[in-house]
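Please keep the sequence and the structure in view while reading.

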Amino acid sequence: MKPLKVALLGCGVVGSQVIRLLHEQADDLAARIGAPLELAGVAVRRLGRKRDIDVDPALLTTDAESLVTRDDIDIVVEVIGGIEPARTLIVAALERGKSVVTANKALLAEDGSSLHEAARRGHGDLYFEASVAGAIPLLRPLRESLAGDHVKRVLGIVNGTTNYILDKMDTTGASFTDALEEAQTLGYAEADPTADVEGFDAAAKAAILAGLAFHSRVTADKVHREGITDITATDVASAKAMGYVIKLLAICQRSDDGHSFGVRVHPAMIPRTHPLAGVREAYNAVFVEAESAGQLMFYGKGAGGAPTASAVLGDLVAVGRNRLAGTHGPEESTYADLAVHPMGDTVTRCHVALDVADKPGVLARVADLFAKHDVSIQTVRQEGHGDDAQLVIVTHRATDAALTATMEGLRELDIVRAVASVMRVEGDD
Ligand SMILES: NC(=O)c1ccc[n+]([C@@H]2O[C@H](COP(=O)([O-])OP(=O)(O)OC[C@H]3O[C@@H](n4cnc5c(N)ncnc54)[C@H](OP(=O)(O)O)[C@@H]3O)[C@@H](O)[C@H]2O)c1
C-alpha cells in the first residue's frame, strides 16, 4: 500500500516524541490505518540544535512553507506552537487539501475559525485532540461520543503547572513563591510562568472546550480569567480547615434558560469530597455533565512529550483512515451560536474572610449589607478576638455581579478593617 506522507512542523518536547512513536509503532500504525505513515520532512527553527531524538539530517529543513505545500505531503502535524507562522502554515496546508493534526491551543483559541474554514475549503481534516489536556481523550468524546447528548457543564483542572503549585501549597503549607520555585526546579513550570499562573493557558483550553460543548464559536478573549498568584498560604489553610481545597478551575456552563453560557477560569474552593479534589500534582481532570449521560470524568496526564504525542498519534491514525476512505471527520459545529454571557451573570458562591472590629452590632451591619445586595448567607463564624477578630462567611448562590458589589460595599464599611480574602466556592451544587 502506498504510504501516507507526513510533514512534521516542530521537533521539540512533543515533536521528538511523535518521531519516536512513528518509528517504534510503525507496523501497528500501518495495520491500524491500512497504509504506512512515512515521515517525509521535519521543519525546525535551528538545524544544528542538539535534539532528544536522532533525526535523519536529510529530513530536516528550516523552510516550513515549502514543506507543507509539497504536492506529495498528505498530512501535516503542527507542533511548533504560537500564532505565527503556525497559522499561515496550517492554512496553506489545509487549502491544498492536506489533513492537519495540531496541538496548538493558543492558535485554536485565538483564531480557530480561520483553520476550520480552510479545512472546509480543502475538504481535509483538522484534528486537535492534543491541544487540551494532553493525553486525555476529551475532545473526541465531546465532538463525537456526546454528539447525541446535551452538555450542561464542563468543569476541570486543565493546567498541570498550577495544579502542582496549589497541591504543594495544600499538602506542605508552602507559600505560592516557594511552590512555584519547586515546580520550576522539577520542570513543571517554565522560567517565565506567566501563561500558566495567570490562567492564559487554561483560558485557551476553556475556549476550545466551551466551543465543542455548546456548538458555538468561542475565542480566548471571551473567557473570564483570573490566575493563582494572589493565593496565600493562609487562604489554603483556611480552605483546608473548612473541608475544602483550592484548585484553578476551567468552567463552561450553560445558563438555566439554555440561551447562553459562561466560560471562566479562576481559582475556587471545592469540597474535599469532590472527585476533582483528589487530582494531585501535575495531573489534569475534566468533569463533564450531560443531560442523559450524567456525570463523566476524564483523568490523566495533561502535558509532557510522550502523553501529548500519544494524542497526536491517535489523531494521525484517524485522519490517515479518513484519507484512505476518501472522507473526512466532523467539521466545526457552531450551529447553536449561543452567546457568552458576562461574568457578572454567572451564578456562583463565595467564601469571604473579613478583619473586623470585635464589638456589638458588627455582625448585624455585615449581614445587612449582604441582604441589601440580595446575597444570602449560608454560614458565618467568628475566629479570634479583639484586634484579631475575623468573620468567615460562606454565601448561598448569587450572581457574580451581586457578590462583587457586596465585596465592594464591605470594603467601605467602617467596621471592616480589611477584606482578607475572597474565593469562589464551586462543586457542591
Ligand atoms: N509540551 C507539552 O507538554 C505540550 C502539551 C500539550 C500541547 N502542547 C503544544 O504543543 C506545541 C509544541 O509544544 P512543545 O512543548 O513541543 O514546544 P517546543 O519544545 O518549544 O518545540 C517547538 C519546536 O518548534 C520549532 N519551531 C519554532 N519556531 C519555528 C519556525 N518558525 N519554523 C519551524 N520550526 C519552528 C522549534 O525548532 P528548534 O527545535 O530548532 O528550536 C522546536 O523544534 C505547542 O502548541 C504546545 O502548546 C505542548
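## Ligand site

How far does a backbone N or O atom of Cys-11 lie from an oxygen atom of the ligand? The distance is 2.8 Å. This value, like the others here, is computed from a predicted model. An N or O atom in the side chain of Arg-46 is 2.5 Å from an oxygen atom of the ligand, and a polar side-chain atom of Lys-105 lies 3.3 Å from a ligand oxygen atom. The protein buries 81% of the 900 Å² that the ligand exposes when taken alone.

The shell around the ligand holds 22 residues. Cys-11 and Arg-46 are among the closest, together with Arg-49, Arg-51 and Gly-304. By residue type, the shell divides into 11 nonpolar, 6 polar and 5 charged.

## Second largest pocket

The second largest pocket has a volume of about 510 Å³. Its lining consists of 22 residues, and those closest to the pocket centre are Glu-226, Arg-411, Val-422, Met-423 and Arg-424. Helix α14 (400-412) and strand β18 (416-425) each contribute at least two residues to this lining.

Which domains each give at least three residues to the lining of the second largest pocket? They are domain 2 (139-301) and domain 3 (343-425). The lining comprises 10 nonpolar, 4 polar and 8 charged residues.

## Largest cavity

Rolling a probe the size of a water molecule over the atoms shows where empty space is left. The model has 2 cavities of 30 Å³ or more. The largest cavity has a volume of about 90 Å³. Of the 13 residues that line the largest cavity, Ala-119, Leu-126, Pro-330, Glu-331 and Glu-332 lie nearest its centre.

Both α5 (105-122) and β6 (126-127) supply at least two residues of this lining. Helix α5 provides the largest share, 3 residues. The lining of the largest cavity is made up of 4 nonpolar, 4 polar and 5 charged residues.

## Second largest cavity

Tyr-127, Phe-128, Glu-129, Leu-139, Arg-140, Arg-143 and Asp-315 form its lining. In that lining, 3 residues are nonpolar, 4 are charged and no residue is polar. Helix α6 (residues 139-145) gives the most, with 3 residues.

Why does the second largest cavity lie between domain 1 and domain 2? Domain 1 (4-134 + 305-325) and domain 2 (139-301) both give residues to the lining, so the cavity lies between them.

## Backbone features

Most residues other than glycine have a negative phi, and most peptide bonds are trans. Two places in the model depart from these patterns.

The peptide bond from Glu-84 to Pro-85 is cis, and its omega is near 10 degrees. Pro-85 sits in the loop between β4 (75-78) and α4 (86-95). His-123 is not a glycine, yet its phi is positive, at about 60 degrees. The loop that holds His-123 is the one between α5 and β6. Those two elements, α5 (105-122) and β6 (126-127), also supply residues to the lining of the largest cavity.

Conventions: Residues are numbered from 1 along each chain as its sequence is written. This is a predicted model: local features need pLDDT of at least 70, side-chain atom pairs count only at pLDDT 80 or more; totals for chains, interfaces and linings use all residues. Side-chain values use heavy atoms; hydrogens and water are left out. On a 1 Å grid over the protein atoms alone, a cavity is a set of points where a 1.4 Å probe fits but cannot get out, and a pocket is an open set with protein on both sides within 12 Å along at least five of seven lines; lining residues have an atom within 4 Å of a point. Grid points are joined across faces, edges and corners, and a volume is the space filled by probe spheres set on the points. Helices (H or I, at least four residues) and strands (E, at least two) are DSSP runs, numbered from the N terminus. Ala, Val, Leu, Ile, Met, Phe, Trp, Tyr, Cys and Pro count as nonpolar, Asp, Glu, Lys and Arg as charged, and the others, Gly among them, as polar. Domain bounds come from an automatic or database domain assignment. A residue is near a molecule or strand if one of its heavy atoms lies within 4 Å of it. A polar contact is a pair of N or O atoms within 3.5 Å; within protein, one must be able to donate a hydrogen and the other to accept it, and residues adjacent in sequence count only if both atoms are side-chain atoms. Accessible areas come from the Shrake-Rupley method with a 1.4 Å probe; for residues, only the protein chains shown count as cover.
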